[in-house]
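Dear colleague,

I am handing over a structure that is new to you, and I would be glad if you could look through it together with the notes below.

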Amino acid sequence: MADFSGSSPSPSRPSAVAVLYGLIVSLCTALVGILIVASALSWTPLSERSLPYLTFTIHVLAVVVGALWAARMAGERGWYYGTITGLGYALTVTILALTSAEVTWSPAAFIQGVLLVVIGTFGGVIGVNLKRE
């Protein structure tokens, strides 16, 4: 049945749901990546010196997958949903890192956070252009 009341649906609810799902997908992707890297470190001769590069690669993949998911779910403004998802992921990971270990704040960590937000923006642009079936 058509709604002729003149009021439009609230745009904040779908955007919040899309970003929340994108953030959950990002965190799940990161968890799977961490488990894979931990297994590789345990069972292969992979050096721990490569851990910072592997960790950043996991973060990039997690943000791209989450931003793709959020933007595809929203169906519009992919740059917006990708940016918010990347920012949410970067803040979540930063808060978890600061509360769970003795991590010090550094300019490199800030730059990595900014890069994750930019990567999320591009992931959202790509995600909104994927066709839904």
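This is a predicted model: local features need pLDDT of at least 70, side-chain atom pairs count only at pLDDT 80 or more; totals for chains, interfaces and linings use all residues.

Residues are numbered from 1 along each chain as its sequence is written, and side-chain values use heavy atoms, with hydrogens and water left out.

The largest pocket holds about 580 Å³ of space. Its lining has 23 residues, of which Thr 94, Ala 109, Phe 110, Gln 112 and Gly 113 are the closest to its centre. (A pocket is an open set of points on a 1 Å grid over the protein atoms alone, where a 1.4 Å probe fits, with protein on both sides within 12 Å along at least five of seven lines; lining residues have an atom within 4 Å of a point. A volume is the space filled by probe spheres set on the points, which are joined across faces, edges and corners.) Helix H2 (51-74), helix H3 (78-100) and H4 each supply at least two residues of this lining, and the largest share, eight residues, comes from H4. (Helices are DSSP runs of H or I with at least four residues, numbered from the N terminus.) By class, the lining has 16 nonpolar, seven polar and no charged residues, where Ala, Val, Leu, Ile, Met, Phe, Trp, Tyr, Cys and Pro count as nonpolar, Asp, Glu, Lys and Arg as charged, and the others, Gly among them, as polar.

The second largest pocket holds about 220 Å³, and the residues that line it include Leu 27, Ile 34, His 59 and Tyr 89. Helix H1 (12-43), H2 and H3 each give two or more residues to that lining, with the largest share, five residues, coming from H1.

Phe 110, which is placed in helix H4, also belongs to a nonpolar patch on the surface, together with residues including Trp 105 and Phe 122. (Patch residues have over 30% relative accessible area and no salt bridge, and nonpolar side chains, namely Val, Leu, Ile, Met, Phe, Trp and Tyr, are joined within 5 Å; a salt bridge is a side-chain nitrogen of Lys or Arg within 4 Å of a carboxyl oxygen of Asp or Glu.) Helix H4 (residues 107-128) gives the patch its largest share, six residues.

Finally, Arg 77, in the loop between H2 and H3, has a positive phi of about 45 degrees although it is not a glycine.

With best regards

How values were computed: Patches are made of residues with over 30% relative accessible area and no salt bridge: like charges are joined within 9 Å, nonpolar side chains (Val, Leu, Ile, Met, Phe, Trp, Tyr) within 5 Å. Accessible areas come from the Shrake-Rupley method with a 1.4 Å probe; for residues, only the protein chains shown count as cover.
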